[in-house]
Amino acid sequence: MNLKETMHLFKQLFKILLLLFSIATAAQSIQKPNIVIIYTDDQGYGDVAALNPDAKFRTPNMDILANEGIIFTDGHSSDAVCTPSRYSLLTGRYSWRTSLKKESLKPMDPV
C-alpha cells in the first residue's frame, strides 16, 4: 500500500470514528423519563384534589405531581384486593396463574 492509499484509509477511518462519536454523544444526551406509580388502597378517582375540586381530602403533594406531570386515568388492576394486585405489579405476572392462589403467607409462617 502506498502513502496515498494509506492516507485515504485513515481519512475514511477518521470519518467513521467521528460519526460513531457523534451518535454516542447524541445517545447520551437523551434523558429517560421519570415514571412514578402511586399504588394506593381504597382510593378512588375523585379522591385526589387535582382530579376533583370537590374532593373530601386535601392531597397537596399528589396535586403537585399531577399538575406538573402527565395523568393517566385509564388504569386497571389485576384484582379487587391489594395483595394479588401488588404481586402482579411487582412481578408482571397474573397472580391467579401461579401456585399462590389462596394466600401469600400462611398465618404462622415467619416473615
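**Exercise 1.** Work out how the residues lining the largest pocket divide into nonpolar, polar and charged.

*Solution.* Start with the sorting rule: Ala, Val, Leu, Ile, Met, Phe, Trp, Tyr, Cys and Pro count as nonpolar, Asp, Glu, Lys and Arg as charged, and the others, Gly among them, as polar. Next, sort the lining: you get 18 nonpolar, 10 polar and five charged residues.

Before going on, note that this is a predicted model, where local features need pLDDT of at least 70, side-chain atom pairs count only at pLDDT 80 or more, and totals for chains, interfaces and linings use all residues. Residues are numbered from 1 along each chain as its sequence is written, and side-chain values use heavy atoms, leaving out hydrogens and water.

**Exercise 2.** Decide whether Asp63 is buried or exposed, and look for a salt bridge.

*Solution.* Second, Asp63 turns out buried (under 20% relative accessible area, with a 1.4 Å probe and protein chains only; exposed is over 50%). Third, Asp63 has no salt bridge (a side-chain nitrogen of Lys or Arg within 4 Å of a carboxyl oxygen of Asp or Glu). Arg58, the nearest side chain of opposite charge, is 8.4 Å away.

**Exercise 3.** Explain why Tyr45 counts as exposed, then find its contacts.

*Solution.* Tyr45 counts as exposed because its relative accessibility is 53%. Now skip neighbours within four places in sequence: Tyr45 is in contact with Leu51 and Thr73 (heavy atoms within 4.5 Å). Finally, Tyr45 and Thr73 are 28 residues apart in sequence, and their C-alpha atoms are 7.9 Å apart.

Terms used. Lys, Arg positive; Asp, Glu negative; His and termini not counted.
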